[in-house]
Amino acid sequence: MFLPRIAAIAISLSLLGTLSAAEPWKRHTIDNTSRGADGVRPRDVNGDGLPDLCTGWEEGGVIRVYLHPGHANVKQSWPSVTVGKVKSPEDAVFMDVNGDGTMDVISSCEGKQQTVFVHIAPTKPEDYLDESAWTTHAIAASQKQSRWMFALPWQEEPGKRRQLIAGSKSPHGAVGRFVMDDAGTWQWSKLTDAGWIMSLVSEDMNRDGDADLLYSDRKGKQRGVYWMDLSHTTGRAEPKLIGGTDYEVLFLDTGDLDQDGNRDIVCATYGDTILWFRRTSDAPVFSEMTIPMPENTGTGKSVRIADVDLDGQNDLVISCGNAGKKHGVMWMQKRAGEWIAQPISGRSEGIKFDLLQLIDLDGDGDQDVLTCEERDNLGVIWYENPTR
């Protein structure tokens, strides 16, 4: 594997040892009627300008879609439909699979299922919430090949072959892509081996105007954060190491954390450390820095970059696992060189929080925090940002 020389300078940034005494944010429940909500992915599927959602319920074995009910009703349970029933789903994402203009859903399953499924939506908008109008079928090339963990729709432009980047975990862990041929059959092409894929992100890493693949591999001899240039790749690709090989890396995000004009990468780790890969040049060169999490929190799971309090400075939002009686979701702001943590979930509920999405769900101009919790069975939830 080609590993370019990329700067990896371990720099520890100071942090106050505990969270502030601020009140947790108000929690709203979208759905808690199944078991083991495992990640949520947003997309406007009905063209109303509001984010709709899909998620897989790992223990419940169902894939569900939620339609945003409008700002007036957003704090209530959302209209939903079970689009398919599968075992051990780890991820669900929207994609127009058949090109009919209606958003279908792709689910990735591990356990004994070990299959990627396509859930085909009804063409008529009025039937979208009709469970009986959805159909489910397996991508044949995925069956019993690996424990599938995450998927990313790729090349969704009209006139191009439909592609889906998928990642799995060992045994036979890999990152690769499914490409639909002229007969409508998905063909699998492995890009690289992997240990346990967490994030797959589309990001122009080399600034050539084309999307590259950024990903995090949690375990194994190749663990770390990598990127691949897929613009001219049809077979295996050469992962380019960014860093994080000394950590169990989980979900990552991109954005200009220090607002110097360069897009950085932040990545949660299974422990008490957030990795900050600070971009230092036009070339994809990064300095690896560490941001310790405060005491009384769970182990890191997901992290996002956002201006939480609308003060013009970017902050971090973090979710955690292993958070029983600890803080599971929080945000951190940098003030006078120190990272100060503020509660979002509090410590009275929630054990295993998951992938974060930051979206203005209630239309008041600040970003709310959308996530899942799968051990206390809080389900698909969002926390209302109190800034406005």
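Select Met228 and show what surrounds it. Leaving aside neighbours within four places in sequence, Met228 is in contact with Val175, Leu191, Thr192, Asp212, Leu213, Tyr215, Ala237, Glu238 and Pro239; contact means heavy atoms within 4.5 Å. This is a predicted model, in which local features need pLDDT of at least 70 and side-chain atom pairs count only at pLDDT 80 or more, while totals for chains, interfaces and linings use all residues. Residues are numbered from 1 along each chain as its sequence is written, and side-chain values use heavy atoms, with hydrogens and water left out.

**The cores**

Next, select Ile165, Val175, Leu200, Leu213, Tyr215 and Leu230 together with Met228. These residues touch the most other members of the largest nonpolar core, which has 22 residues. A nonpolar core is a set of buried Ala, Val, Leu, Ile, Met, Phe, Trp, Tyr and Cys residues joined through side-chain atoms within 4.5 Å. Buried means under 20% relative accessible area, exposed over 50%, and partly exposed in between, with a 1.4 Å probe and protein chains only.

Now colour the strands β11 (147-154), β15 (197-203), β16 (212-217), β17 (224-228) and β19 (249-255), each of which supplies at least two residues of this core. Strands (E, at least two residues) and helices (H or I, at least four) are DSSP runs numbered from the N terminus. Which strand gives the largest share of the core? That is β11, with four residues. Apart from this core lies another, of 18 residues; to find it, select Leu257, Val266, Met293 and Trp339, which are among its members.

**The rings**

Show the aromatic side chains. The whole structure holds six aromatic pairs. Rings of Phe, Tyr and Trp (its six-membered ring) pair if their centres lie within 6.5 Å; planes under 30 degrees apart count as stacked, over 60 as edge-to-face and the rest as tilted.

Start with Tyr128 and Trp134. Their ring centres are 5.1 Å apart and their planes stand at 70 degrees, so this pair is edge-to-face. Tyr128 is buried at 6% relative accessibility, and Trp134 is buried at 7%.

Move to Tyr215 and Tyr226, a stacked pair with 5.5 Å centre to centre and 15 degrees between the planes. Tyr215 is in strand β16 and Tyr226 in strand β17, eleven residues apart. Buried or exposed? Tyr215 and Tyr226 are both buried.

Select Trp148, Phe178 and Trp188 to see a cluster linked by ring pairs. Lys169 lies over the face of Trp196, 3.9 Å from the ring centre, and Lys240 lies over the face of Trp227, at 4.9 Å. A charge sits over a ring if NZ of Lys or CZ of Arg is within 6 Å of the ring centre and within 35 degrees of the ring normal.

**The open sheet**

Go to the four strands that form an open antiparallel sheet in the order β3-β4-β5-β6. Two strands pair if DSSP finds at least two bridges between them. The edge strands, β3 (37-43) and β6 (80-85), each pair on one side only. Inside the sheet, β4 (residues 52-57) and β5 (residues 62-66) pair in the antiparallel sense over five bridges. Pick Gly56 to see Ile63 of β5 standing opposite.

**Last stop**

Select Asp44, in the loop between β3 and β4. Asp44 is partly exposed, at 32% relative accessibility. Leaving aside neighbours within four places in sequence, Asp44 is in contact with Gly49, Leu50 and Asp52. Finally, draw a distance from Asp44 to Tyr383: the two are 339 residues apart in sequence and 20 Å apart in space, C-alpha to C-alpha.
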